[in-house]
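Subject: Structure handover and notes

Dear colleague,

Here is the structure I promised to pass on. My notes follow below it.

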Amino acid sequence: MRRWKYNFRVRHDAEWDVDKVDMKCLGCDYEEEMELDVLLEIADPRAEEAPAVCCPRCDRELLVPRDAYDQIKGGFVYKIDR
Ligand SMILES: [Zn+2]
(Lines give C-alpha, C1' and ligand atoms only; values in the text may rest on other atoms or scores of the structure.)
Protein backbone atom coordinates (compact mmCIF):
# COMPACT_ATOMS: atom_id res chain seq x y z
CA MET A 1 0.00 0.00 0.00
CA ARG A 2 1.28 3.48 -0.73
CA ARG A 3 2.13 5.83 2.11
CA TRP A 4 0.28 8.91 3.10
CA LYS A 5 1.32 11.45 5.69
CA TYR A 6 -1.18 9.99 8.16
CA ASN A 7 -1.18 6.29 8.94
CA PHE A 8 -4.40 4.49 9.73
CA ARG A 9 -5.49 1.11 11.00
CA VAL A 10 -7.18 -1.54 8.92
CA ARG A 11 -9.44 -4.19 10.48
CA HIS A 12 -9.72 -7.63 9.00
CA ASP A 13 -13.30 -8.87 8.80
CA ALA A 14 -12.91 -12.65 9.06
CA GLU A 15 -16.54 -13.34 8.25
CA TRP A 16 -16.32 -11.74 4.81
CA ASP A 17 -12.53 -12.06 4.46
CA VAL A 18 -12.09 -8.39 3.64
CA ASP A 19 -10.13 -5.54 5.17
CA LYS A 20 -12.15 -2.62 6.43
CA VAL A 21 -11.39 0.94 7.43
CA ASP A 22 -13.44 3.11 9.79
CA MET A 23 -14.01 6.43 8.03
CA LYS A 24 -14.98 9.86 9.35
CA CYS A 25 -15.74 13.12 7.58
CA LEU A 26 -13.58 16.14 8.39
CA GLY A 27 -16.42 18.44 7.42
CA CYS A 28 -19.50 17.04 9.14
CA ASP A 29 -18.33 14.13 11.37
CA TYR A 30 -20.33 11.57 9.39
CA GLU A 31 -18.96 8.05 10.04
CA GLU A 32 -19.09 4.82 8.12
CA GLU A 33 -16.93 1.78 7.46
CA MET A 34 -15.55 1.01 4.03
CA GLU A 35 -13.74 -1.88 2.49
CA LEU A 36 -10.08 -1.04 2.03
CA ASP A 37 -10.08 -2.16 -1.59
CA VAL A 38 -13.00 0.12 -2.38
CA LEU A 39 -11.38 3.04 -0.59
CA LEU A 40 -8.11 2.63 -2.46
CA GLU A 41 -9.92 2.34 -5.76
CA ILE A 42 -11.98 5.50 -5.42
CA ALA A 43 -9.71 7.71 -3.29
CA ASP A 44 -8.16 10.67 -5.06
CA PRO A 45 -4.66 9.51 -6.08
CA ARG A 46 -3.36 13.07 -5.73
CA ALA A 47 -4.22 13.21 -2.03
CA GLU A 48 -1.05 13.37 0.04
CA GLU A 49 -2.26 13.38 3.61
CA ALA A 50 -4.69 10.46 3.58
CA PRO A 51 -7.02 8.75 1.12
CA ALA A 52 -10.16 10.89 0.91
CA VAL A 53 -13.49 10.14 -0.71
CA CYS A 54 -16.68 12.07 -1.21
CA CYS A 55 -18.84 12.25 1.92
CA PRO A 56 -22.41 11.08 1.28
CA ARG A 57 -23.79 13.56 3.80
CA CYS A 58 -22.06 16.86 2.98
CA ASP A 59 -20.94 15.96 -0.55
CA ARG A 60 -17.37 17.17 -0.05
CA GLU A 61 -14.25 15.12 -0.53
CA LEU A 62 -13.49 15.00 3.18
CA LEU A 63 -14.29 11.44 4.23
CA VAL A 64 -10.97 10.04 5.50
CA PRO A 65 -9.91 7.11 7.73
CA ARG A 66 -10.95 7.87 11.31
CA ASP A 67 -7.36 7.55 12.50
CA ALA A 68 -6.36 10.24 9.98
CA TYR A 69 -9.29 12.35 11.18
CA ASP A 70 -8.02 12.12 14.78
CA GLN A 71 -4.51 13.09 13.73
CA ILE A 72 -5.61 16.00 11.55
CA LYS A 73 -8.01 17.33 14.19
CA GLY A 74 -5.55 16.69 17.01
CA GLY A 75 -2.50 18.04 15.21
CA PHE A 76 -0.26 14.99 15.64
CA VAL A 77 1.05 12.13 13.52
CA TYR A 78 1.11 8.49 14.60
CA LYS A 79 4.53 6.93 14.46
CA ILE A 80 4.80 3.66 12.61
CA ASP A 81 5.95 0.89 14.97
CA ARG A 82 8.10 -1.69 13.43
ZN1 LIG B 1 -19.30 15.16 5.41
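First, the ground rules. This is a predicted model, in which local features need pLDDT of at least 70 and side-chain atom pairs count only at pLDDT 80 or more, while totals for chains, interfaces and linings use all residues. Residues are numbered from 1 along each chain as its sequence is written.

Confidence
pLDDT is the predictor's confidence in each residue, from 0 to 100. The protein chain averages 92. A score of at least 70 is reached by 94% of the residues. Among the elements, S2 has the highest mean pLDDT, 98. Helix H1 (residues 36–42) has the lowest, 95.

Overall fold
The protein chain has two helices and four strands. Their order along the sequence is β-β-β-α-β-α. Helices (H or I, at least four residues) and strands (E, at least two) are DSSP runs, numbered from the N terminus. The radius of gyration is 12 Å, which agrees with the value near 12 Å for a compact globule of 82 residues. That radius is taken over C-alpha atoms, and the globule rule is 2.2 Å times the number of residues to the power 0.38. Along the principal axes, the C-alpha atoms fill a box of roughly 30 × 30 × 20 Å. Of the 82 residues, 21% count as buried.

Contacts need C-beta atoms, placed from the backbone, within 7 Å. Of the contacts with a separation of 6 or more, 51% are between residues 24 or more positions apart.

Strand pairing
Two strands pair if DSSP finds at least two bridges between them. S2 (residues 18–25) takes part in each pairing listed here:

- S1 with S2: antiparallel, three bridges. Arginine 11 stands opposite lysine 20 in S2.
- S2 with S3 (residues 31–35): antiparallel, five bridges. Lysine 20 has glutamate 35 as its bridge partner in S3.
- S2 with S4: antiparallel, three bridges. Lysine 24 has valine 64 as its bridge partner in S4.

Turns
S1 and S2 form a hairpin with four residues between them. Aspartate 17 sits in that turn, with a positive phi of about 55°, although it is not a glycine. The hairpin of S2 and S3 has five residues between the strands. There aspartate 29 takes a positive phi near 70°. Aspartate 29 is also a residue other than glycine. Aspartate 29 is exposed, because 12 other C-beta atoms lie within 10 Å. A glycine with positive phi, of about 70°, comes just after H2: glycine 75.

Helix H2
Which residues of H2 are buried? In helix H2 (residues 66–74) they are Ala68, Tyr69 and Gln71. They cover an arc of only 170° around the axis, so they are on the same side of H2. The arc is that of the directions from the helix axis to the C-beta atoms. The buried residues of H2 pack against S2 and strand S4 (63–65). The face turned away carries the exposed residues Lys73 and Gly74.

Core
A nonpolar core is a set of buried Ala, Val, Leu, Ile, Met, Phe, Trp, Tyr and Cys residues joined through C-beta atoms within 7 Å. The largest one has 13 residues. Those with the most contacts inside it are Phe8, Val21, Met23, Ala52, Leu63, Val64 and Ala68. S2, S4 and H2 each give two or more residues to this core. S2 gives the most, with three. Leaving aside neighbours within four places in sequence, phenylalanine 8 is in contact with Val21, Ala50, Pro65, Asp67 and Ala68.

Arginine 3 is in the segment before strand S1 (11–13). Arginine 3 is exposed, because 8 other C-beta atoms lie within 10 Å. Arginine 3 and lysine 20 are 17 residues apart along the chain, and their C-alpha atoms are separated by 17 Å.

Best wishes

Conventions: Buried ≥ 20, exposed ≤ 12 C-beta atoms within 10 Å, placed from the backbone. Contact = placed C-beta atoms within 7 Å.
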